[in-house]
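Thank you all for coming; I would like to take a few minutes to walk through one structure with you.

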Amino acid sequence: MLIDKMTSYEFKKAMFLYSGALREMNTKIQIINEEFALKQKTNPIEHIKSRLKTPESIIAKLVRRGYQPTFENALKYVDDIAGIRIICAFTKDIYILADIINSQSDITVLRVKDYIANPKENGYRSYHMLVDVPVFMSDEMSKARVEIQIRTIAMDFWASLEHKMRYKFESQIPENLNFDLLECAEIVSYLDEKMLLLNNEIEKYKV
Ligand code: 0O2
């Protein structure tokens with residue numbers, strides 16, 4: 001069981017690797033953002049959040065998916081033990097960033113889920129990438145998976161509220177609230193489109 005292994009060297013080393021990969025990825029993304037500011041005097045990224053999933057949350061996810069909450073299953077089935085969320089102002093920046101991450105020679109993109117082109121039924125929008133990041137140690141190199149979620153400020157606003165509601169209602173969100181959430185998701189999508197068009201107009205007048 002995962003609980004039994006939490007104090008073991010094996011578990012600590014795995015979490016150390018995830019944490020290293022998270023920091024590597026964070027630095028990469030910050031460098032990309034600063035380079036944008038240098039070249040184009042604009043930052044595509046509003047802010048970055050990163051976190052390591054707690055053992056409790058790993059166990060909860062495994063149980064939710066019908067797996068035994070073991071260390072081996074955590075490594076095999078929980079893809080977002082290390083997670084980064086990148087918040088952009090505009091949808092176009094999401095795809096620019098995703099392309100740049102994709103082209104980094106030391107990063108292997110394992111999976112992409114484009115919930116912007118294909119929103120979830122509940123209205124969730126975000127761009128997810130699962131990547132393998134190399135972590136160089138004193139005598140070896142290991143890879144660890146990091147889940148990257150890229151979304152706009154508006155998409156993040158929606159996802160935070162939906163997450164809070166799901167938590168409050170223990171995943172049984174009342175039908176009328178689900179309807180309102182879906183309506184808000186459509187408004188968010190419209191707002192993102194409008195803001196992008198507005199920004200394109202502003203860009204034309206840049207000195
Ligand atoms: P938490 O509490 O944010 O960590 P996978 O995680 O890849 O094994 P899945 O569900 O196929 O399994 O992956 P997916 O769809 O890429 O979702 C992973 C994460 O995206 C979730 O992690 C959430 O953070 C976010 N997400 C996905 N769908 C929704 C949604 O409908 N609403 C909100 N608010 N967030 C969503 P966790 O572990 O489920 O949650």
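Leaving aside its neighbours within four places in sequence, which residues is Glu147 in contact with? Before I answer, please keep in mind that this is a predicted model. The residues in contact with Glu147, once those neighbours are set aside, are Asp79, Asp80, Ala82, Gly83, Ile84, His128, Met129 and Leu130.

Glu147 itself sits in strand S5, which covers residues 141-152. Its side chain makes a polar contact of 3.0 Å with that of Gln149. Glu147 is buried and yet has no salt bridge, since the cut-off for one is 4 Å and the nearest side chain of opposite charge, that of Arg111, is 4.9 Å away.

Let me turn now to the strands around this residue. S5 runs parallel to strand S2, and six bridges join the two, with Ile84 having Ile148 as its bridge partner in S5. S2 also pairs with strand S1, residues 45-52, this time in the antiparallel sense and over seven bridges; here Ile48 has Ile86 as its partner in S2. In S2, residues 82-88, six of the seven residues are buried, so the strand is largely enclosed by the rest of the structure.

Finally, a word on helix H3, residues 55-64, where Pro55, Ile58, Ile59, Lys61 and Leu62 are buried. Seen down the helix axis, these buried residues fall within an arc of 160°, so they line one face of H3, whereas Glu56 and Arg64, on the other side, are exposed. Just after H3 comes Gly66, which takes a positive phi of about 85°.

Definitions and conventions:
Residues numbered from 1 in each chain as written. Predicted model: local features only at pLDDT ≥ 70, side-chain atom pairs only at ≥ 80, totals over all residues. Heavy atoms only, no water. Buried < 20%, exposed > 50% of the residue type's maximum accessible area, 1.4 Å probe, protein only. Helix = DSSP H or I, 4+ residues; strand = E, 2+ residues; numbered from the N terminus. Arc of directions from axis to C-beta. Lys, Arg positive; Asp, Glu negative; His and termini not counted. Polar contact = N/O pair within 3.5 Å; in protein donor to acceptor, adjacent residues only side chain to side chain. Contact = heavy atoms within 4.5 Å. Pairing = 2+ DSSP bridges.
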